[in-house]
Amino acid sequence: MKGEKRPQMLLYLLIGALLLSTGLNAYFLLRLDARLTDQQVEAQLHGLASEKQQSVSLQLPAAPSRSDTVTVREAQH
């Protein structure tokens, strides 16, 4: 009776190991994919932040230089 159950037990152990291995592989692959997605989102956010900083610096009006102001005042007199 003990020898009759042995092949079934081995089969169950092999199937269990296969299922466990498949589950762990899927879990770690999903974590890796999520980490890569997070890195891509952070890179895009960082790129947007740097673009906003550049656009703000490009949109700031330049202060008139002294020579322009003097030229305008002389033209008015």
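F28 is partly exposed, with a relative accessible area of 47%. The model is predicted.

**F28 in the chain**
- F28 is part of helix α1, which covers residues 2–59.
- F28 counts as partly exposed because its relative accessibility of 47% falls between the cut-offs of 20% for buried and 50% for exposed.

**The aromatic pair**
- The structure contains 1 aromatic pair.
- That pair is made by Y27 and F28, whose ring centres are 5.3 Å apart.
- The planes of Y27 and F28 stand at 65 degrees to each other, so the pair is edge-to-face, as the angle is over 60 degrees.
- Y27 also has a relative accessibility of 47%, and therefore counts as partly exposed.

**The surface patch**
- Y27 and F28 belong to a nonpolar patch on the surface, together with L20 and L24.
- The accessible area of these residues together is about 430 Å².

**The whole chain**
- The protein chain has 2 helices and 0 strands.
- Of its 77 residues, 0% are buried, where buried means under 20% relative accessible area.
- The chain exposes about 7,700 Å², and 63% of that area comes from carbon and sulfur atoms.

Definitions and conventions:
Residues numbered from 1 in each chain as written. Predicted model: local features only at pLDDT ≥ 70, side-chain atom pairs only at ≥ 80, totals over all residues. Heavy atoms only, no water. Helix = DSSP H or I, 4+ residues; strand = E, 2+ residues; numbered from the N terminus. Buried < 20%, exposed > 50% of the residue type's maximum accessible area, 1.4 Å probe, protein only. Areas by Shrake-Rupley, 256 points an atom, 1.4 Å probe, with all protein chains shown as cover. Patch = residues over 30% accessible without salt bridge, like charges linked within 9 Å, V, L, I, M, F, W, Y side chains within 5 Å. Salt bridge = Lys/Arg side-chain N within 4 Å of Asp/Glu carboxyl O. Phe/Tyr/Trp six-rings, centres within 6.5 Å; stacked < 30°, edge-to-face > 60°.
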